[in-house]
Amino acid sequence: PNDHYAFLSVEKIESMLKDRGFGLANAEKSFPNTLIIKFEKTEPWLMTCKASQECYYVDESGVVSARAPAFSELPLPQVRLKDSASVKLSDNVISADDVLFLKKWFGNLKTIDIYPKEIEILHNEEIKILIKEGWFLYLVKNSDPQKLFYDLQLLLDQKIKDSRRKLEYIDLRFENKAFYKLR
């Protein structure tokens with residue numbers, strides 16, 4: 001008596017599909033006897049992993065969108081979360097403002113052949129980006145990304161030059177100042 005089509009809950013179906021790891025889906029009933037389930041197609045932009053090495057894709061809106069297969073090396077930058085153990089599908093792990101900020105940075109960094117490997121959003125509106133070359137970049141979210149990128153480019157071209165492989169970090173958290181450390 002309780003499994004009739006009229007009593008079918010689309011919210012329960014969507015939740016069940018999400019909780020069992022199938023992905024984000026929209027379900028709707030179409031009378032008289034049709035159930036339509038549509039899986040959202042999103043492009044992966046980042047990844048996030050639990051301590052158990054279970055990884056998920058994060059789409060361009062900052063939402064955990066799908067489970068990722070096991071990789072020996074992650075093909076996308078990984079966003080490190082403070083509480084990664086409770087991550088599940090449809091969680092919003094990055095705010096819209098952070099997404100915009102990081103997108104601008106990634107686009108700018110690509111123009112000078114710098115590729116991010118990991119992103120960690122720290123306290124006090126700070127971001128730490130591990131670069132694939134092995135050094136870190138420290139930024140403040142509420143600053144102008146274009147100005148910071150110009151400062152980074154100037155520092156790399158004028159001061160660091162060929163010592164980029166010896167670089168440990170560049171700190172751009174302070175307005176009109178840039179710090180760096182070589183190994």
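Which residue's side chain meets that of R164 in a salt bridge? I looked this up first, bearing in mind that the model is a predicted one.

**Entry: R164 and E133**

I found that the side chain of R164 meets that of E133, with N and O 2.8 Å apart. I then located the two residues. I noted E133 as partly exposed, because its relative accessibility is 37%.

**Entry: salt bridges in the whole structure**

I searched the whole structure and recorded 11 salt bridges. As a general point, I wrote down that side chains of opposite charge can pair when their charged atoms come close. One group I noted is a network of salt bridges that links K50, E54 and R67.

I also examined E168, which forms a salt bridge with K181; the closest N and O atoms are 3.8 Å apart. E168 belongs to strand 10 and K181 to strand 11 (residues 179-182), so the pair ties together parts that are 13 residues apart in sequence. I recorded E168 as partly exposed at a relative accessible area of 28%, and K181 as partly exposed at 39%.

**Entry: K141 and its partners**

I next looked up K141, whose side chain meets that of E125 in a salt bridge (3.6 Å, N to O). K141 lies in the loop between strand 9 (136-140) and helix 3 (145-160), and E125 in the loop between strand 7 (116-121) and strand 8 (126-131), so parts 16 residues apart in sequence are tied together. Is K141 buried or exposed? I counted K141 as buried, because its relative accessibility is 16% and the cut-off for buried is under 20%. E125 is partly exposed, with a relative accessible area of 42%.

I found that the side chain of K141 is also joined to that of D98, by a polar contact of 3.2 Å. D98 is part of helix 2 (residues 96-111) and counts as buried at 8% relative accessibility. Leaving aside residues up to four places away in sequence, I noted that D98 touches I121 and K141.

Lastly, I turned to helix 1 (residues 10-19), where V10, I13 and L17 are buried. These residues are on the same side of helix 1, because they cover an arc of only 60 degrees around the axis. I asked what covers them, and found that the cover includes strand 1 (25-30) and strand 2 (34-39). On the face turned away from the buried side, I recorded the exposed residues E11, K12 and D19.

Technical notes
Residues numbered from 1 in each chain as written. Predicted model: local features only at pLDDT ≥ 70, side-chain atom pairs only at ≥ 80, totals over all residues. Heavy atoms only, no water. Buried < 20%, exposed > 50% of the residue type's maximum accessible area, 1.4 Å probe, protein only. Helix = DSSP H or I, 4+ residues; strand = E, 2+ residues; numbered from the N terminus. Arc of directions from axis to C-beta. Contact = heavy atoms within 4.5 Å. Polar contact = N/O pair within 3.5 Å; in protein donor to acceptor, adjacent residues only side chain to side chain. Salt bridge = Lys/Arg side-chain N within 4 Å of Asp/Glu carboxyl O.
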